[in-house]
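Try each task before you read its solution.

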Amino acid sequence: MSDVRPDEVSEILRKQLAGFEKEVDIYDVGTVLQIGDGVARVYGLTRAMMSELVEFPHGVFGMVLNLEEDNVGCILFGESSEISEGDTVRRTGRVASMPVGDGMLGRVVNPLGQPIDGRGPVATEKLAPIERKALGVIQRQPVKEPLQTGIKAVDGMIPIGRGQRELIIGDRQTGKTAIALDAIINQRYTHSEKAKKEGIKPVYCIYVAVGQKSSTVAQVVDKLQQEGAMDYTTVIAATATDPAPMQFIAPYSGAALGEFFRDSGRHALVVYDDLTKQAQAYRQVSLLLRRPPGREAYPGDIFYLHSRLLERASKLADELGGGSLTALPVIETQAGDVSAYIPTNVISITDGQIYLEPSMFNSGIRPAINVGISVSRVGGHAQIKAMKKVAGSLRIGLAQYRELEAFAKFGSDLDKSTLAQLKRGSHLVELLKQGQFVPMPVEKQVVALFAGTNGFVDEIPLEQVARYERELLEVMDLRHADLLAQISLTKDLSPEITNSLKGIITQFTESFRASVKA
Amino acid sequence: MKNLQVARRYAQALMEMADAAHTIEDTARDLSSVAAALKASRELRLLAGSPVVRPARKEAIFRELFGKRVGKGTMDFLAFVIARQREVHLEEIAEHFALLRDAKTGVVGVDVVAAVALTAQQEQELSRALGRATGKSVRVKLSVDPAIRGGLVVRVGDTVLDASVRRQLELLKARFIAGGPSTN
């Protein structure tokens with residue numbers, strides 16, 4: 001290999017530098033008056049805008065949140081340990097923004113768009129403002145396409161549509177994140193060729209981790225990678241060690257990235273895990289900025305914090321590309337208290353909630369969804385016809401079962417119809433149980449629920465129901481894949497399909513019961 | 001934290017009084033000499049900041065020091081500030097008064113940092129150019145800082161015009177790291 005000659009080096013350098021314009025750099029400055037607790041008071045910055053990004057020494061950025069008569073209050077997005085009183089603060093001239101683009105897929109970034117997965121810089125097309133006013137009424141259309149989570153209980157009874165906001169609410173350790181992750185993993189199907197043929201558009205996912213342990217986020221990323229979901233997912237992480245301002249803006253960064261996909265005519269799903277911690281971070285920031293505290297010491301605009309975030313999830317009108325942004329916010333309750341301040345706020349904002357109960361979780365019903373008080377205000381509009389047909393009686397059946405559950409202890413002392421309802425209900429509950437990380441495609445859900453709501457499962461012993469379902473679906477895969485394909489293509493249960501299904505399931509049930517007796 | 005609200009209130013009051021009596025320039029000069037004395041003397045600063053010494057005693061000391069050197073209006077003002085126990089803010093009040101005076105007379109203070117000392121002619125040209133640019137009469141405060149490598153850094157109020165070689169090098173470095181023209 002020949003040595004590089006010095007004049008070659010200067011030639012290349014000269015070419016590189018040739019395009020460099022020498023310009024006078026004009027910027028506005030201020031002086032730090034007081035700094036501490038992640039908040040800085042700056043003197044000067046007379047033309048600073050609200051929510052503008054400002055630069056402190058040592059590469060620390062901050063955001064202007066308080067414009068007062070003689071000083072500007074900024075929150076810091078980094079360590080304040082190297083910044084001292086008297087330091088110069090520079091305006092960047094731009095409102096806090098986040099780089100967005102397809103290059104974000106597969107990456108783990110912080111709320112400012114800086115990569116934290118150690119894989120080098122992210123190649124993005126443009127910057128989008130983190131705070132952005134949601135679209136008006138004219139630009140939207142009603143939600144009409146399903147967002148399949150792959151969880152039978154959800155897709156059957158609390159269906160989510162593209163563009164909807166569905167809250168996942170429950171105590172700690174009840175499976176809230178599990179539902180969100182299953183929903184993300186299930187979107188892998190939407191990126192396949194088969195989905196394209198069925199007219200299903202791909203869904204890009206964004207998982208925003210607010211105030212969680214870094215180890216938990218690492219586990220989530222690992223799991224998503226294993227399931228091949230990272231190809232279409234971005235993780236925005238503001239973990240517990242990140243300063244409160246970072247945790248406060250993290251969901252907005254997620255929304256900004258989601259809006260990028262939505263506005264380009266594509267579909268996106270954003271999971272905010274969780275908004276309780278964002279509210280706490282915002283409370284911290286507000287109190288340090290000396291804003292007056294309200295109920296539970298939250299600032300007066302805590303409702304607006306969540307409402308402006310969730311309003312950005314929408315289904316666009318066809319003239320604007322027909323894209324959508326679906327939001328799955330997560331709220332953690334304390335001791336099941338859904339009438340606390342933050343939970344009631346967010347419940348009133350979202351289009352429904354999935355309520356997870358610890359008692360159900362502990363008695364083995366997982367996902368621990370309390371179907372009675374969970375609701376999806378979009379409902380049937382977000383379901384394919386096939387699902388509507390099988391799941392219609394599901395909710396009623398379960399509701400009746402819940403009412404009669406207390407009588408189950410009387411055993412055979414009840415009348416025939418009550419016994420039948422109890423049997424149907426308990427078997428449906430068993431059928432709706434589902435493992436984690438095994439989201440089920442919608443056509444298989446239809447088959448499983450068809451068997452359940454038409455009474456085929458009633459005579460199977462409860463502990464065998466899981467095996468029954470598994471083997472039934474195996475049989476469908478092996479010998480009747482064309483029927484499954486038909487269901488997913490037509491999205492409906494025509495009379496022929498219904499009859500075929502009935503025949504197949506009857507046959508299978510007989511052979512299964514025979515094998516059980518043996 | 002500098003208590004700007006106190007300084008502002010007192011300076012504003014003094015300005016109104018001086019304006020009515022047409023003694024703005026004299027008052028400004030007096031105040032700046034008081035501020036300079038405070039800056040230069042550690043004992044005076046300690047005295048001004050001490051809550052232990054009674055106001056009457058402080059006033060007597062200040063009268064003896066400044067009585068003959070400043071105008072009556074200024075001396076009365078100093079006595080008033082001491083009586084209100086705000087003498088610890090005197091330096092800030094003087095600073096703010098100077099700002100108000102500048103605003104009133106249409107003078108703008110400009111800080112210029114150069115890499116090497118400028119010649120008298122360069123200074124004159126600079127003042128003229130700045131005066132044209134700002135549309136006001138300009139009071140240039142010049143300082144030399146070799147760290148900027150070359151060029152000038154001009155600061156007018158909160159706005160900085162950075163035409164230094166150091167800034168150009170920083171931008172160049174950022175551009176190289178980004179691998180192309182910076183877009184962010």
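**Exercise 1: a covered strand**

From β12(A), T233(A), V235(A) and A237(A) point one way, T234(A), I236(A) and A238(A) point the other way, and all are buried. Before going on, note that this is a predicted model, in which local features need pLDDT of at least 70, side-chain atom pairs count only at pLDDT 80 or more, and totals for chains, interfaces and linings use all residues. Residues are numbered from 1 along each chain as its sequence is written, while chains are lettered from A and ligands numbered from 1 in the order in which they are written.

Task: find which strands pair with β12(A), and in which sense.

Solution. 
- Step 1. Locate β12(A) at residues 233-238, where six of six residues are buried (20 or more other C-beta atoms within 10 Å of their own; 12 or fewer is exposed, in between partly exposed; C-beta atoms are placed from the backbone). Strands here are DSSP runs of E, at least two residues, and helices are runs of H or I, at least four, numbered from the N terminus.
- Step 2. Strand β8 (residues 108-109) of chain A runs parallel to β12(A), joined by two bridges (pairing takes at least two DSSP bridges). Here V109(A) stands opposite I236(A).
- Step 3. Strand β11 (residues 203-210) of chain A is also parallel to β12(A), over six bridges, and A209(A) stands opposite A237(A).

**Exercise 2: into the core**

Task: which residues have the most contacts inside the largest nonpolar core?

Solution. 
- Step 1. A nonpolar core is a set of buried Ala, Val, Leu, Ile, Met, Phe, Trp, Tyr and Cys residues joined through C-beta atoms within 7 Å.
- Step 2. The largest one has 140 residues, and C74(A), I184(A), V208(A), L269(A) and V270(A) have the most contacts inside it.
- Step 3. Helix α6 (residues 244-263) of chain A gives the largest share of this core, 11 residues.
- Step 4. A second, separate core has 20 residues, including L14(B) and F77(B).

**Exercise 3: where the chains meet**

Task: which element of chain B gives the most to the side that touches chain A?

Solution. 
- Step 1. In total, 15 residues of chain B are in contact with 17 residues of chain A (C-beta atoms, placed from the backbone, within 7 Å).
- Step 2. On the chain B side, β4(B) gives the most, with five residues.
- Step 3. Strand β1 (residues 25-36) of chain A pairs with β4(B) in the antiparallel sense over four bridges, and D28(A) stands opposite T159(B).

Terms used
Contact = placed C-beta atoms within 7 Å.
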